[in-house]
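Okay, thanks everyone, let's get going.

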Amino acid sequence: MNFKLDKSYKLCSHKVIEAVFEKRQGVKQYPIAMNYLEIALPTQKSLQFVFSVPKKRFKRAVDRNRIKRLLREAVRHTKWPLEEFLMQNQRQIAIFIVYLASEEMDYQTLLTKVDQLFQKLKHELEKKEPKL
RNA sequence: GGUGUAAAUCAAUUUAUCGCUGUUCCGUUUUAAUGGAAGAGAGGAAAGUCUGGGCAGUAUAGAGCACCGUACUUCCUAACGGGAAGGUCGUUGAUGUGUGAAUGUCAACGAACAGAUAGUGCCGCAGAAAGGAAAACUACCAUGAUCUAGACGCUGUCUUGUCAUGGAAAAGGUGAAAAGGUGAGGUAAGAGCUCACCGUACCGGUGGUGACAUCGGUUGCAAGGUAAACCUUACGGACUGAAAGAUCAUGUAUACCAAGAAUUAAGGGCUGCUCGCUCUUUUCGCUUGCGAGACUUGGAGGGUAGAUCGAUAGAUGCUGACGGUGACGUCAGUACUAGAUAAAUGAUAAAUAGAUGUGGAAACACGGAAACAGGACCCGGCUUACGGUUUAUGCCUAUU
RNA sequence: UGGCCUAUGGUGUAACUGGCAACACGUCGGUUUUUGGUACCGAAGAGUCUAGGUUCGAGCCCUAGUGGGCCAA
C-alpha cells in the first residue's frame, strides 16, 4: 500500500487540464466533484491530481490552504486501491478535484466521501474497459 | 474597580505514526529515477499596495514650458509622503489675575501648519448691504415745510404725525461670516473722533542654528472666508517593473547593426501647367536646439511552450561600551540556510501547561490554544485587521 | 503580480463650477370598463457603500476601508 503523495502526483500541464474539462466526465459526492480523463501522462505514476478550492467561496488564503491540505490528506490515505487497479491494467488517468461546499468540513467526513468517490470511479473504469 | 493613551513583549510546547518542500551525506540500478539518514522549513502584520530605495531593462547633449508630487523649523536616514526633538495654533479640563475686554499657569488630545495687499473665481436662501468702503429697512439727530391730531397762558408756543433735504455708521433684525474689543470722554445724534487698557499690524534691539520668543517704539487698525477652488512661491521628479532581465535549446520575420550608393520620398503653398522655390514629416506631451533618412549588400535573429539563473547574508538581528535630549550613529562581540512555482509547514493519537468564562464564601471543580491571519525578488516605513501579558500614566468612582 | 474604473429609491440612469437629491419603468390607491389590459389622476418609496476630515454647507473635495467590474500574460 502506497500512502505517498509527492510532486510527481501533481498535475501541471495546461493541455491536460483543458482536455479534462472538454470531456466533462465526472463523479460527484457532495461536497466534492471529480472530473477525470483517461490520457497518457508524462510520468510513470498512474494518477495525477489537481486540488481546487474556488476563491469566490473562500476569500481568505488561509481557509483555501487548509481545505486543500485536508483534501490532499484524505486522497493520500484512500487512493491506493484505485492506483493498484490502474497499475495492473497499465492505465493512466488525470483527476481534477473541486471543493463545492461553502463551509469547512472536518477531516473524518471528507475521508469517507473521498473513499466513496474513488470506489465509484473504479466501478466506472471497470465498465469502460471492454470498449478499449 | 472602571475607562482612555503610550511603550514593551508573546503569538503554545513535547512525543509517536503516516506524509509534504528544499539542503547535505550514504546506497541502488536502466542516469533519472528510487531507498535510507541527518538537519531546516510562514507573520507581526506575510495583508492593503499607500509610499521610499536596492536591483534590472529602456530612453536621454542641453534649456524652457507643461504635467505630477511635497509644504512650520532643525535634525535622523540609502531614501521617503517615514521618524525624532522643538515651535506655533486650536479644543477640552483644572486653577489664578482683572470692573471688563482680555490674559497667565498646568495637564491631556489634535493640527494637509507655506502664501488670501500677485491675480481670478465662489460665498445659495435670508439680509439694507456679502466684497467696490459700499449701502440706508426699522430706529437716531438737525434744518425746513405744514396737509394731521392735541394741549395751553390762543395774531402765538409746545407736543405728536406726515413730507423733503442733510448728518451718522453707534442700536435692531438676517446670516457661518456685517469690519477691531472693553471702559471713559466727546457730540445735535454719532463715529478710533480722542484717551487708557487689551488685541492686532509694522519697525528696531536682545536671545535662539532655526521655526519663534521677549523687550521697546509707531501718523496704523482701511481692505472677511475659501488654496482638501484655480493659482503663486520654494524644493523634488525620465519611463517601465522580477510576468524586469540573463543563459540554454529550437531556427525564422526584415524591427535592429555595419558598409555602399543616393540627396532622393510623401503632403501642403506660390503658378493656368511644368521646372523651380518654400514649409511640414522624425526623436511619442509641447517649443527651442541637435541629429537621422528612400534603396542595395552583408551581419544578426522574432514568436509559442519549457528548463536553469535572477532568488535569498542583509542599509540583518541580539548583547555590551561610547557619543547624542532623541530619532540615530560609531566600535566590539555574537547569531542566522523558508525559498515554493496551480505554489511546501498537514493529519491522527496522547501528554504538559493553560487566559477569558461558568459554578462556588474559599479551596477547588468544569471547560478549553482560542484573535487577525499564509511568504512569491528583497529591504525601510505607513495604513488597515486582531487575542493575551507586563509597565507607565490621564480621568472617573469607592474605601482607608 | 501590476495598473485602472465604479458604487445614488425595487430596477435603469440624472444632479453642471459644492447650495432644497431629479426622471423613467416598477409598486400602491383611485377613475374609466360587465371584467382584465390600455388610458387618466394621485401617493408612497433613497438621504447618495462605510468611517473620519476640509468647508458656513459635501452625492460632489481629501484620507482610510468595504463590495463590484475592467485591462496587461
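Predicted model: local features only at pLDDT ≥ 70, side-chain atom pairs only at ≥ 80, totals over all residues.

Chain A has 4 helices and 4 strands, and if you read along the sequence the order is α-β-β-β-α-α-β-α. There are 132 residues in chain A, and 38% of them are buried.

The largest nonpolar core has 29 residues. Which of them touch the most other members? Those are F49, L71, I95, I97, Y99, F118 and L121. As for where the core comes from, β2 (32–38), β3 (47–52), α2, α3, β4 (93–99) and α4 (107–128) each supply at least two residues. The element that gives the most is α4, with 6 residues.

Okay, salt bridges. The count for this model comes to 2.

Let me take E73 and R76. Their side chains meet in a salt bridge, at 2.6 Å from N to O. Both of them lie in helix α2, 3 residues apart, so that's about one turn of the helix. How accessible are they? E73 is partly exposed, with a relative accessible area of 29%, and R76 also counts as partly exposed, at 23%.

Then there's K79 with E83, where the closest N and O atoms are 3.1 Å apart. Now, K79 is found in the loop between α2 (61–78) and α3 (80–89). Is that lysine buried or exposed? Well, K79 is buried, and its relative accessible area is 0%. While we're at K79, have a look at K4: the two are 75 residues apart in sequence, but from C-alpha to C-alpha they are 9.6 Å apart in space.

You'll find K10 in the segment before α1 (14–23). K10 is partly exposed, with a relative accessible area of 47%. A residue needs over 30% to join a patch, so K10 passes on that point.

R57 sits in the loop between β3 and α2. With a relative accessible area of 43%, R57 is partly exposed. What is the C-alpha separation between R57 and Y99? They are 42 residues apart along the chain, and their C-alpha atoms are separated by 9.7 Å. You've met Y99 already, by the way, among the core residues that touch the most other members.

And then Q116, which is found in helix α4. Q116 counts as partly exposed, at 36% relative accessibility. Remember that α4 is also the element that gives the most to the core. If you compare Q116 with Q25, they are 91 residues apart in sequence and 17 Å apart in space, again C-alpha to C-alpha.

Note on methods:
Residues numbered from 1 in each chain as written. Chains lettered and ligands numbered in written order. Heavy atoms only, no water. Buried < 20%, exposed > 50% of the residue type's maximum accessible area, 1.4 Å probe, protein only. Core = buried A, V, L, I, M, F, W, Y, C linked by side-chain atoms within 4.5 Å. Salt bridge = Lys/Arg side-chain N within 4 Å of Asp/Glu carboxyl O.
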